[in-house]
Amino acid sequence: MQMNAQNSSGSQGSQSYASVTKTGIPPPLTKLLSHSKAQACQILIDKRSLQATNELKELTEVQLTTKAELTLKLMSKVGTTLPDNISFLSAKNVQNGGILYELNAPGSAKWINALANRSKFLNHFGTDIIIKEQVYQILLENIPISFNPNSKIALSEMECKGGLKQDNITKARYIKPIMRYNPNQRTAHIALILKTKTTANQIIHFKISVKGKKVYGHKLLPKPSRCLKCQTFNGRHIAADCPQEHNTCRTCRANHQTASCTIDIQELYHCANCNTDSHTSWSHECSIFITRWQENRVRNEEAKYKYFHTEDPNTWDKIKDKSNNYETDPLPPQILTQTYNNEWRTIHHQN
Ligand SMILES: [Zn+2]
Ligand SMILES: [Zn+2]
Ligand SMILES: [Zn+2]
């Protein structure tokens, strides 16, 4: 991130590299930095759809790594020039059912993610799978609701006015569906999905202009995951591994699939998590969701920092503004919206 020139005003109290090396980097930050470094070398392979069978799940980590290595060999055999030393170091089954691979270097992960290489890799690797792109999400507060997040022109105007690289904004969406807003409401929060940390940090640092209004950006943090079968927020399993035999409806808590539920009035909603009426099991108003999210927030070291970490010490600032102090503040209702499901996004479908 090129923040140095304007840093004197915007990043008071930031640690200079010299001061950090003198005092030593605190262990939690060292851990975050090495996590961030490893992330740059990773790719996430996942099923194309929830319904697709996941044969990869049956393979061991060694088998998965060998499979990926063989895929590279096959690509090379049919004429693809591979980058020097590209190799797969490890594979890990992740909670949502995908396979997280770590490669030898960020350049190798970047090469696989390039459009042409990605489709060739997937063609040789297997069927019904995709590679998910790593994305960085930020929350922009109080955007004039005349902003249309689905308009490509609106997004490229934001990039242009914010001095961002073209096509760095992958997507924008209102946090709450626009139809659920109060008729007198003039502004609303949006989530902005970005391709690079640098772009996300640039917006967090310098703010960005949307529809003639300059707005702040904050990192969006992971929200507690919910099992789609039993609806629990405990985050220990996904639907495919759910120990419960029957489906619990997320709207009324009865033993049927949510899609077949006929309940459509709020008074009859029933939450399977806190066992009360008037809200659904996925509601962010649920007391169990709020408790779990607070617990996650306290445990999540990343939440204490303002920027997405890079090697630039300017991105190592802790959040000092009290209103955004994720560490100690109670959870204000608007912060509940500052969550997202995961940091990977589907970018390409390919056999
Ligand atoms: Zn479950
Ligand atoms: Zn139901
Ligand atoms: Zn509840």
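Guide: What follows is a short tour of this model, which is predicted.

Visitor: What about contacts? How much comes from residues 24 or more positions apart?
Guide: Such pairs make up 61% of the contacts with a separation of 6 or more.

Visitor: Let's look at a sheet. What is the order of the strands in the open sheet of four?
Guide: The order is β6-β7-β5-β10, and the pairing is antiparallel. The edge strands are β6 and β10, which each pair on one side only. From one strand to the next, the twist averages 30 degrees.

Visitor: What holds strands together in general?
Guide: Strands of a sheet pair through backbone hydrogen bonds, in a parallel or antiparallel way.

Visitor: Back to ours. How many bridges link β5 and β7?
Guide: Seven bridges, in the antiparallel sense. Take Leu140: its bridge partner in β7 is Ile190.

Visitor: Which helix packs on that sheet?
Guide: That is α8. Helix α8 touches β5, β7 and β10. Its direction makes about 35 degrees with that of β5.

Visitor: New topic: cores. Which residues touch the most other members in the largest nonpolar core?
Guide: Ile138, Leu140, Leu192 and Ala200 do, in a core of 22 residues.

Visitor: Which elements give two or more residues to this core?
Guide: They are β5, α7, β6, β7, α8 and β8. The largest share, five residues, comes from β5.

Visitor: Zoom in on Ala200. What does Ala200 touch, leaving out residues up to four places away?
Guide: Ala200 touches Tyr136, Ile138, Leu194 and Phe308.

Visitor: What other core lies apart from the largest one?
Guide: There is another core of 21 residues. Among them are Phe88, Tyr101, Phe121 and Ile131.

Visitor: Why do such side chains gather?
Guide: In soluble globular proteins, nonpolar side chains tend to be buried together.

Visitor: Now α4 and α6. At what angle do they pack?
Guide: Helix α4, residues 61-77, and helix α6, residues 115-125, pack at about 115 degrees. Their axes are 9 Å apart.

Visitor: So what do you call that arrangement, parallel or perpendicular?
Guide: Roughly perpendicular, because angles of 65 to 115 degrees count that way. The crossing of α4 and α6 is right-handed.

Visitor: Which residues make the contact?
Guide: From α4, they are Thr71, Leu74 and Met75. From α6, they are Lys120, Phe121, His124 and Phe125.

Visitor: One more spot. Where is Glu267?
Guide: Glu267 is in the loop between β11 and α9.

Visitor: Is Glu267 buried or exposed?
Guide: Exposed, because Glu267 has 8 other C-beta atoms within 10 Å, and 12 or fewer counts as exposed.

Visitor: What does Glu267 contact beyond its neighbours within four places in sequence?
Guide: Asp277 and Ser278. The C-alpha atoms of Glu267 and Ser278 are 4.8 Å apart, although the two residues are eleven apart along the chain.

Visitor: Last one: which helix holds Leu29?
Guide: Leu29 lies in α3, residues 27-39. Leu29 counts as partly exposed because it has 19 C-beta neighbours inside 10 Å, and buried needs 20 or more. Leu29 and Trp316 are 287 residues apart in sequence, yet 7.9 Å apart in space, C-alpha to C-alpha.

Notes: Residues numbered from 1 in each chain as written. Chains lettered and ligands numbered in written order. Predicted model: local features only at pLDDT ≥ 70, side-chain atom pairs only at ≥ 80, totals over all residues. Contact = placed C-beta atoms within 7 Å. Core = buried A, V, L, I, M, F, W, Y, C linked by C-beta atoms within 7 Å. Pairing = 2+ DSSP bridges. Axes fitted to C-alpha atoms, helices over the stretch in contact; angles between N-to-C directions. Parallel < 35°, antiparallel > 145°, perpendicular 65-115°, else oblique. Left-handed = near helix turned anticlockwise from the far one by under 90°.
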